Amino acid sequence: MSPAGNEKDIPVTADVEADSWAVALTPRLAQFVAVARHEHVTRAAQQLGMPQSTLSRSMARLEDDLGVALFARHGRTVSLTAAGRTFLATCERALSEVDRAAESVRADADPAAGKVAFGFLHTLGSETVPELIRAFRADHPRVRFQLVQNYGESMLQRLRDGELDLCLTSPVPDAPDLVSRRLDEQKLRLVVPDDHPLASRKRIRLAEAASELFVTLEPGYGLRRITDAVCAEAGFTPKIAFEGEEAETLRGLVAAGLGVALLPPPAVPRPGVAELTVTAPRAFREIGVAWLDGHPDTPPVAAFKRFLLSRRGQLLPR
């Protein structure tokens with residue numbers, strides 16, 4: 001279908017009808033609504049900024065395509081038929097939805113008050129992310145955030161699906177369709193029950209825990225991959241007693257005496273556990289920001305991305 005003002009007299013075929021009435025008719029809905037509201041083709045054409053003859057042909061073509069008379073013509077004026085009134089009500093709702101959709105996406109892209117869809121790991125949610133947003137909004141007080149907490153692979157898929165603009169994750173992804181930047185690193189500790197024989201220690205070589213039962217995150221979580229890799233570097237494969245989905249749940253399992261865990265530091269000290277510095281091998285995780293390669297940023301997303309990159313080495317509390 002040609003744009004308004006440049007329509008050619010091409011009939012709607014059965015193939016087009018079967019494919020989508022919306023594709024065939026949408027360019028003319030606003031024209032129809034204007035004529036219906038004015039009940040006068042010339043005044044509607046003036047409002048639309050198009051020749052009256054073009055608008056008249058467009059409405060005649062619309063009726064031909066539908067096989068229904070929408071207007072009763074009375075000289076220079078028109079009135080709606082019963083079919084026209086039914087069609088008008090639906091067209092007005094459809095155009096109103098288009099208006100709302102356009103306003104929504106424009107509002108989300110507003111430099112001062114737009115929206116950022118931001119994903120992050122559960123372990124960054126209690127302290128790191130709230131502080132980041134607080135600091136960013138000191139200069140951008142009206143920017144809105146849609147926050148999503150999840151594990152790394154799920155967030156990367158949501159980036160690919162267009163549901164997130166940015167995400168903080170670990171390990172820092174290396175994928176051809178993503179751009180990622182390392183922002184900081186976080187030391188991991190060996191967490192043991194406070195009545196464990198190792199609990200009086202401040203430091204430990206991870207190999208000393210080779211015989212312990214471990215509680216870990218489930219396979220697929222970034223911290224699980226790091227735990228397996230660090231234990232392998234220490235010369236052993238951890239014996240897994242329990243698997244979970246959230247780091248603080250693992251701390252609770254440790255406090256209950258069900259195993260030991262390799263975890264990042266908690267936002268608030270947890271009773272019932274002791275946290276030991278791992279001296280060898282080096283136990284840490286990198287935290288980075290990722291986004292979809294080639295995906296255009298709205299102004300608020302671009303501003304928040306610049307802010308995150310400016311926090312290299314300062315992302316995590318010390």
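Colleague: Let's start with α5: which of its residues are buried?

Modeller: Gly84, Phe87, Leu88 and Cys91 are the buried ones in α5, buried being under 20% relative accessible area with a 1.4 Å probe, protein chains only. Bear in mind this is a predicted model, where local features need pLDDT of at least 70, side-chain atom pairs count only at pLDDT 80 or more, and totals for chains, interfaces and linings use all residues. Residues are numbered from 1 along each chain as its sequence is written, and side-chain values use heavy atoms, with hydrogens and water left out.

Colleague: How far does α5 reach from its first C-alpha to its last?

Modeller: 40 Å, for 27 residues (82-108), close to the 39 Å expected at 1.5 Å a residue. That expected span is 1.5 Å times one less than the number of residues. Helices here are DSSP runs (H or I, at least four residues), strands too (E, at least two), numbered from the N terminus.

Colleague: Switching topic, how many cavities of 30 Å³ or more are there?

Modeller: Two. A cavity is a set of points on a 1 Å grid over the protein atoms alone where a 1.4 Å probe fits but cannot get out, and lining residues have an atom within 4 Å of a point. Volume is the space filled by probe spheres set on the points, which are joined across faces, edges and corners.

Colleague: What's the volume of the largest cavity?

Modeller: About 130 Å³. It has 15 lining residues, with Leu121, Thr123, Leu217, Tyr221 and Arg285 closest to its centre.

Colleague: And which element gives the largest share of the second largest cavity's lining?

Modeller: β9, with four residues. That cavity holds about 40 Å³.

How values were computed:
1 Å grid on protein atoms, 1.4 Å probe; cavity = no way out; pocket = protein on both sides within 12 Å on 5 of 7 lines; lining within 4 Å. Buried < 20%, exposed > 50% of the residue type's maximum accessible area, 1.4 Å probe, protein only.
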